[in-house]
Amino acid sequence: MSIDLKRETKSEQNQQVSEYINKVLSLIEKEEVNKEEAAWITKETVDGFREHVNPGFLTYRKSVTKDGQFAAVEWSDNGACFKDVNGKEYIDCLGGFGIYNVGHRNPKVVKAVTDQLKRQALHSQDLLDPLRAMLAKILADITPGDLKYAFFTNSGTESVEAALKLAKMYSERTTFISTTRAFHGKSLGSLSGTAKGMFRKPFLPLIPGFRHVPFGDFDMMKKTFEVCAAVGEDVAAVILEPIQGEGGIILPPEGYLKQVRELCDEYGTLLIFDEVQTGMGRTGKMFAAELYDVVPDIICLAKAFGGGVMPAGAIVAREEVFKSWFPNPFMHTTTFGGNPLACAAAIATIGVLIEENLPVRAGVVGEYFLKELKEAAQGHEDKVLEIRGQGLMIGIEFHKDEIGYEVSKGMFDRGILVAGTLINSKTIRIEPALTISYEEVDKVIRTFKEVLNLVKA
Ligand SMILES: *Cc1c(COP(=O)(O)O)cnc(C)c1O
């Protein structure tokens, strides 16, 4: 017996859903939308957030006015900028918190992904997928020291999860040391390493065995190792961001990472560098580990790894460590990790970073940016506490959240997106595309100066 699908009447509700879907698809198809369509998109977006996503977002974001009369809805992006649905362009200095190292929709990355998409999107899960092998080889070549084997993920938190599980399996130990102000992600394993109490408290207890020590305090790190050894809880791994991102762009004190490396070696402990934000050229080197001449046992990557086009992440580990997963490669898996589209994106991204010398460019432009920002803030010491950074990872710390919010809102209204929400603006982060032009940098600085003059301390 066969059913004639066309003759079965669709329910009224399904008919409505179908019509809605067709309308949305017709909009996706368009490069630009007209005024009427823009108004419809804005209304549907605000209503959808309020009724079906999370109304909380409408309260805290500077892109929405208090009464919701105005809301900026993004629609397209290119280079160092993105546009809202009404065609207003913004210089993107938030950079998705470090996703857009090779710029928005870099043509070489888009080409690799679309070429791959035309042939095969996802992998069979059984045959050997070639791009996985080729990307792993490239990573072994470009990562510091003897890092050699790669496992692929879809996000930063997944990379951290993989690193923690690998460290446990290798060491047969269960204690981890992380640092205050660290951010390693929000899934239960990585959240155990993350430091912010507000994000952790409702989910306690997390993975047993995590201890936090102040970032940059080597003596505390050393004492904690001694205590752990004394009570029979040997440390499996220390997990660190070489430069803390989410914590407010915190640079390590001179010699700190090298000292931690030596301490780890002394105790047979692994060193995991979470370079989800600092990696892929952001800090002036391909990886921040190179800035400090330290080789970790495992490096975690994500964010810019997929070139701002595909979600993609990876860990790369030394053979000695990774070989714990040789006997049974199914000990840790993910269906989509290392899929052909993500690998194509990552391979093209690394190609662009190398060919266009973008890590070095980040260092040079970053130095200029930092110097000019500091100059612009002169005379505003009552508002700005400190401006610091490395490469194109820059933080502006204000005396209060409110000042930071007013500055980031003022800049947003003038076409520049920097980080900072109503509840998290004490340090605003600047992480633009590494391809940002000097003209764009100058416009950001001029605007910062202008807004700083208007904001009250
Ligand atoms: C953003 C970030 C993560 C988490 O990445 P997600 O892709 O959001 O899970 C982990 N570690 C660091 C250092 C990050 O900056």
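Predicted model: local features only at pLDDT ≥ 70, side-chain atom pairs only at ≥ 80, totals over all residues.
How many bridges join strand 5 to strand 6, and do the two run parallel or antiparallel? The answer is four bridges, with the strands running parallel.

Residues are numbered from 1 along each chain as its sequence is written, and side-chain values use heavy atoms, with hydrogens and water left out.

View 1. Strand 5 covers residues 175-179; strands here are DSSP runs of E with at least two residues, helices are runs of H or I with at least four, and both are numbered from the N terminus. Two strands count as paired if DSSP finds at least two bridges between them. Next to strand 6, Phe176 has Phe210 as its bridge partner. Strand 7 also runs parallel to strand 5, joined by three bridges, and there Ile177 sits opposite Val238. Why is strand 5 described as largely enclosed by the rest of the structure? Because five of its five residues are buried, where buried means under 20% relative accessible area, exposed over 50%, and partly exposed anything in between (1.4 Å probe, protein chains only). In a regular strand, side chains alternate between the two faces of the sheet. Here Thr175, Ile177 and Thr179 point one way, while Phe176 and Ser178 point the other, and all are buried.

View 2. Around the ligand sit Ser155, Gly156, Thr157, Phe183, His184, Gly185, Glu241, Asp274, Val276, Gln277 and Lys303, each with a heavy atom within 4 Å of it. Sorted by class, that shell holds two nonpolar, six polar and three charged residues. For this count Ala, Val, Leu, Ile, Met, Phe, Trp, Tyr, Cys and Pro are nonpolar, Asp, Glu, Lys and Arg are charged, and the others, Gly among them, are polar.

**View 3. Backbone atoms facing the ligand.** A backbone N or O atom of Gly156 lies 2.8 Å from a ligand oxygen. A polar backbone atom of Thr157 is likewise 2.8 Å from an oxygen atom of the ligand. With Phe183, a polar backbone atom is 3.3 Å from a ligand nitrogen. On its own the ligand exposes 380 Å², and the protein buries 82% of that; these areas come from the Shrake-Rupley method with a 1.4 Å probe.

**View 4. Two hairpins in a row.** Strand 1 (residues 74-78) and strand 2 (residues 81-84) run antiparallel and are joined by four bridges. Glu74 has Asp84 of strand 2 as its bridge partner. Two residues separate these strands in the hairpin, and Gly79 in the turn has a positive phi of about 60°. Strand 2 then pairs with strand 3 (residues 89-92), again in the antiparallel sense, over three bridges. Phe82 stands opposite Tyr90 in strand 3. This hairpin has four residues between the strands, and Gly87 takes a positive phi near 90°.

View 5. Thr278 belongs to the loop between strand 8 (270-274) and helix 12 (288-291). Its relative accessible area is 1%, so Thr278 counts as buried. Beyond neighbours within four places in sequence, Thr278 is in contact (heavy atoms within 4.5 Å) with Pro242, Ile243, Thr283, Met286, Ala288 and Met393. The side chains of Thr278 and Glu275 also make a polar contact of 2.9 Å, meaning a pair of N or O atoms within 3.5 Å; within protein, one must be able to donate a hydrogen and the other to accept it, and residues adjacent in sequence count only if both atoms are side-chain atoms. Ile243 lies in the loop between strand 7 (235-240) and helix 11 (256-267) and is buried at 1% relative accessibility. Leaving aside neighbours within four places, the contacts of Ile243 include Thr278, Thr283 and Met393.

View 6. Buried or partly exposed: how does Phe203 come out? Phe203 is partly exposed, because its relative accessible area is 47%. The residue sits in the loop between helix 9 (197-200) and strand 6 (210-213), and Phe203 touches Leu188 and Leu191, not counting residues up to four places away. Ser408, in helix 16 (residues 401-413), counts as buried at 0% relative accessibility.
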